[in-house]
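Biologist: I am new to this model and would like a close look at one part of it. Please keep it brisk.

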Amino acid sequence: MNDDKIRVLVVDDSATMRKLLMQILQQDNEIEVVGTAMNGIFALNKLESLKPDIITLDIEMPQMDGLQFLEEKNKKNDTTPVIILSSLTTSGSSTTMRALELGAKDFILKPSGSISMDLADISEEIIAKVKNWAKKGILKKQAKTDIFLSDFNQPVAVAKALPKATPRLELLIKPSTIKFIAIGISTGGPEALRQILPSITMDLPIVIVQHMPEGFTKDFAQSLSKTMIHTGYRVEEAENGEIIESKKIYIAKGNYHLSISKEHENFVLHLNQDPPVNNHRPSVDYLFSSLFKNIEQNCFIAIIMTGMGKDGAYYLKKLHDRGVFTIAQDEESSIVYGMPKVALDYGAVDIVLSLKEIPEFLNSKLSVK
């Protein structure tokens, strides 16, 4: 075994799935599968001896399933990151969201059933999520401090701008002109949103495009709502024709594009199934393009966060150039620094902030005094 490699424990009751995952992961020379387990009981027994950097976890297993494993793992105060392998079903959606509530960091959808060679089609996603979440966990152990899961009650340094960003804080001198926040996010998004949203103290509506399949977004919104009770915010899956309201967070519906228009003094949500943009539906660029085309006044803030690819960067640049204040998540706190990096390279960003700094910045600039 190589101590320099990322150590993965694969937990699945299917021998075929375990073998396939091993083959996919070990295509990358930075990854080593140090062990496998057929259920949660065996996985718990191997945690201490193998000391993996990350675990891939099936949900439906005999004797001890994935949710029970997470509960027992929490009792041991074990902080090893876990990525769930989920089926694309209604039950798969609800159990996946429960797994996230129990501390799983992310999930990967099996394309077609519990055993499928189609898993090879998403090998890039599997490898990227395993590597990036593992590296976050390794950094955390090395520093003996929580780098990613920040304590939001502690003071932080003033929000920073990178050299390619050009902060225009004068755009936020009159907070009353800002009517809502628009966020685009992808890989690593469920965990990131679970961190920043409960720390927001303002009351502005927040509209979010999170790359997620149909069925999952409703359960995701309900799961997020549990973290927001103390804030007074409600989280819901967006509905067609809905007028956005204060103290509400709207999650784009899976397999539907989300756009916003202004009708009289109201901002209205619209859903449709136009062709995918940047291979996504919902697409961040689709949302941002509607803001660029439909809302002439600069009455919102646009934020681009962790995610693979470039979705959202093109129209973030157009919004930025028109005078909209824009924010990008920083590299250190991003699970995949794709979408924010492309936006920064385009010159589309006013300020670059960490996960911890994003809610602090919004609160300081937009909260009711």
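Which residues in α6 meet which residues in α7?

Modeller: P190, L193 and R194 in α6 meet F220, S223, L224 and T227 in α7. Contact here means heavy atoms within 4.5 Å. The model is predicted, so local features need pLDDT of at least 70 and side-chain atom pairs pLDDT 80 or more, while totals for chains, interfaces and linings use all residues. Residues are numbered from 1 along each chain as its sequence is written, and side-chain values use heavy atoms, without hydrogens or water.

Helix α6 spans residues 189-196 and α7 spans residues 216-227. Helices are DSSP runs (H or I, at least four residues) and strands are E runs of at least two, numbered from the N terminus. The axes of α6 and α7 come within 9 Å and cross at roughly 30°. Axes are lines fitted to C-alpha atoms over the stretch in contact, with angles from 0 to 180 degrees between N-to-C directions. The two helices, α6 and α7, are therefore roughly parallel (an angle under 35 degrees). Their crossing is right-handed: the near helix is turned clockwise from the far one by less than a right angle.

For another helix, take α2, residues 40-50. Its buried residues are G40, A43, L44, L47 and L50 (buried is under 20% relative accessible area, exposed over 50%, 1.4 Å probe, protein chains only). Seen down the α2 axis, they fall within an arc of 150°, so they line one face. The arc uses directions from the axis to the C-beta atoms. The face turned away carries exposed N45, E48 and S49. The buried residues of α2 pack against β1, β2, β3 and α3.

How values were computed: Parallel < 35°, antiparallel > 145°, perpendicular 65-115°, else oblique.
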